[in-house]
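Reader: I am new to reading protein models. Can we go through one together, feature by feature?

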Amino acid sequence: MPAIRINNIDLGYDTFGSGRQTLLLLHGGLLSRRQWQQQVYPFSSRFQVITCDLRGHGQSGKSEGTYAMPLFADDVSKLIAALGLDQVVVCGHSFGGMVAQELALMYPDQVSALILAETNYGPSAGLGETLTALMGWWALALTSVERRAQISADRHGHYNPDAAQYLLMEINQHARDKANYLNIFRASISFNSKPRLKYLECPTLLLLGEFHPQSHKPAQAMERLIKHAQLHVVPNAGYLLNWDAPDTFNRMVLEFLEQL
């Protein structure tokens, strides 16, 4: 599988199809570009599709320093440039949606539109959220990766046994390097885009799983804060909505892309 040297690490990526637009898919935290296996072929029949493994994930390299969203966004920005692309539509799930927001805020000329699936503006957006995030951090630090993988599979794979197995497989791979695993979470809990969302100018689609209500209130706030945002709920889907209801998820994304 191809990789490219970006910011002193090898970044794994794949390209599929061709078309008038390029769609870049960014996976969730602790996962990999394999998350999009039910999307790449339907999408690549109409558009060029790129998937990549974020730093510290999948086949991409790790680094010793502290991870932060600007670092992940810069990796992706340099990947876009290295592939000779001017602008892309960026679709990010959860952690990948945070990276997508940061990319659009730091490098707006590279992002023509955003699709933010089951993501939010970050857990450090307020005092209560920050305290909750810190408590969650210590819980993670004291829990084995294997136990965390099982919790995630039980919670987010509830509506799709294949999704549960996928989560177990991906997250358990991080058991070999818990420092990198915690570094990924550190980037997540330090992220806060809420005061900057008003600066996003590109069309934005927010997608939520019907059965994951925890994400609904932040997403509704994001819809109000982002100038050109629309929010849709994917029926019969939870947090891993592109696995739980792939046909509906794919249709909503394609309808949005056709409007651009």
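Author: Start with contact: it means heavy atoms within 4.5 Å. Helices (H or I, at least four residues) and strands (E, at least two) are DSSP runs, numbered from the N terminus. This is a predicted model: local features need pLDDT of at least 70, side-chain atom pairs count only at pLDDT 80 or more, and totals for chains, interfaces and linings use all residues. Residues are numbered from 1 along each chain as its sequence is written, and side-chain values use heavy atoms, with hydrogens and water left out.

Reader: Which residues of H2 meet which residues of H3?

Author: On the H2 side they are Met69, Pro70, Phe72, Ala73, Val76, Ser77 and Ile80. On the H3 side they are Phe95, Met98, Val99, Glu102, Leu103 and Met106.

Reader: How do the axes of H2 and H3 cross?

Author: Two packed helices are described by the angle between their axes and the distance between the axes. Axes are lines fitted to C-alpha atoms, for helices over the stretch in contact, and angles run from 0 to 180 degrees between N-to-C directions. Here H2 (residues 69-82) and H3 have axes that come within 8 Å and cross at roughly 70 degrees. That makes H2 roughly perpendicular to H3. The classes are these: under 35 degrees is roughly parallel, over 145 roughly antiparallel, 65 to 115 roughly perpendicular, and the rest oblique.

Reader: How many aromatic pairs does a search of the whole structure find?

Author: A pair of aromatic rings is described by the distance of the centres and the angle of the planes. Rings of Phe, Tyr and Trp (its six-membered ring) pair if their centres lie within 6.5 Å; planes under 30 degrees apart count as stacked, over 60 as edge-to-face and the rest as tilted. The search finds seven pairs. One of them joins Tyr67 and Phe72, edge-to-face, at 5.4 Å centre to centre with 70 degrees between the planes. Tyr67, Phe72 and Phe95 form one aromatic cluster.

Reader: Are Tyr67 and Phe72 buried or exposed?

Author: Both are buried. Buried means under 20% relative accessible area, exposed over 50%, partly exposed in between (1.4 Å probe, protein chains only).

Reader: Now the sheet. In what order do the eight strands stand?

Author: Strands of a sheet pair through backbone hydrogen bonds, either parallel or antiparallel. Two strands pair if DSSP finds at least two bridges between them. The order is S1-S2-S4-S3-S5-S6-S7-S8, in an open sheet with mixed pairing. S1 (3-6) and S8 (229-234) stand at the edges with a single partner strand each, so one side of each has no neighbour in the sheet. Neighbouring strands are turned by 25 degrees against each other on average, direction ignored.

Reader: How does S6 pair with S5?

Author: S5 (residues 88-93) and S6 pair in the parallel sense, over six bridges. Cys91 stands opposite Ile115 in S6. From S5 the chain crosses through H3 (residues 95-106) to S6, and this β-α-β crossover is right-handed. Right-handed means that, with the strands pointing away from the viewer, the path from the first strand over the helix to the second runs clockwise. S6 (residues 111-117) is mostly covered, with six of its seven residues buried.

Reader: Which residue in S7 is the bridge partner of Leu116?

Author: Leu206 is that partner. Four bridges join S6 to S7 (residues 204-209), and the two run parallel.
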